[in-house]
Amino acid sequence: MDGFPDLEEKCSRLRRGLESLGSVAVAFSGGTDSAFLLACAHDALGESCVAVTALSCFVPEREVQEARRFCALRGITQLEVRMDPLSVEGVAENPPERCYLCKKAVFSRIRNEASARGISCVAEGTNADDEGDFRPGLAAVAELGIKSPLKEFGFTKAEVRAASRTFGLSTWSKPSAACLASRIPYGEPLTRRALGMAERAEQFLSERGFPQVRVRIHGGTLARIEVPPADFEKLMRIRTDVVAALTAAGFTYVSLDLLGFRAGSMNEALKRS
């Protein structure tokens, strides 16, 4: 594959590794990584591979719909489990270990669903680049015995995108995503209202040509918009519409982060403390 001389062999090793599992439930969010893993697992195992998608107030509806379309298009059996992460002890308080608490509850549920259907293991889409940031959820994945084949076989994000493009997956260029809880600073309580505000604001911006966007919420009333610096000028051209839409979504103040988009920006406060 162009630019990645070892990628074809990596894909072959991944396929053999997936075949050796016998059957697998892939935790499927609809993102680039889990879509690639799911497609590979389905190609390797056929009907012995199912997708499991968690539905909750942490997941934007547009992501759920895209996950459904992906599975329907490829003929993949998709199970959906509805979760209420705010009912998990400690999650609503939004501590730095929130992701650990949430992931443990979600993957425990997925593992139970898989077991009830006689599926031997659960896999998820962490890649080899994901260990560089603060990701407490990875500890829960390890504790529960969830497999991470992309990380195991050394796939970087760039390699996942390159292979996905070669295999004709529409998700190859999909912008990175994260659960809506990541829009609220650690220590500020998570509420359905705030999560809904972030979802509506990001949906508005996405529909107006800003696919890579985050709307972070501070103090329940201030929106901090993150888009790539190359999109600043475009955003300013519709500034009045953005303010009107975000005000309608519940915000009092609307700001643009001059550092631009970066994944996991809420973790920056942890690094300074």
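A residue counts as buried when its relative accessible area is under 20%. In this predicted model, Phe 70 has a relative accessibility of 8%, so Phe 70 is buried. Phe 28 is buried too, since its value is 2%.

## Aromatic pairs

Let's turn to the rings. Three aromatic pairs turn up across the whole structure. One of them joins Phe 28 and Phe 70: the ring centres are 5.4 Å apart and the planes meet at 45°, so this pair is tilted. Phe 28 sits in the loop between β1 (24-27) and α2 (32-45), while Phe 70 belongs to helix α3 (residues 61-74); the pair therefore ties together parts that lie 42 residues apart in sequence.

Elsewhere, Phe 36, Phe 155 and Phe 167 are linked into a cluster by ring pairs.

## Charges over rings

## Where α1 meets α2

Helix α1 (residues 7-19) packs against α2, with the two axes coming within 9 Å and crossing at roughly 65°. The crossing is right-handed.

On the α1 side, the contact is made by Cys 11, Leu 14, Arg 15, Leu 18 and Glu 19; on the α2 side, by Phe 36, Leu 37, Cys 40, Ala 41, Asp 43, Ala 44 and Leu 45. By type, these residues divide into nine nonpolar and three charged, with no polar ones.

Technical notes
Residues numbered from 1 in each chain as written. Predicted model: local features only at pLDDT ≥ 70, side-chain atom pairs only at ≥ 80, totals over all residues. Heavy atoms only, no water. Phe/Tyr/Trp six-rings, centres within 6.5 Å; stacked < 30°, edge-to-face > 60°. Helix = DSSP H or I, 4+ residues; strand = E, 2+ residues; numbered from the N terminus. Buried < 20%, exposed > 50% of the residue type's maximum accessible area, 1.4 Å probe, protein only. Axes fitted to C-alpha atoms, helices over the stretch in contact; angles between N-to-C directions. Left-handed = near helix turned anticlockwise from the far one by under 90°. Contact = heavy atoms within 4.5 Å. Nonpolar A, V, L, I, M, F, W, Y, C, P; charged D, E, K, R; others polar.
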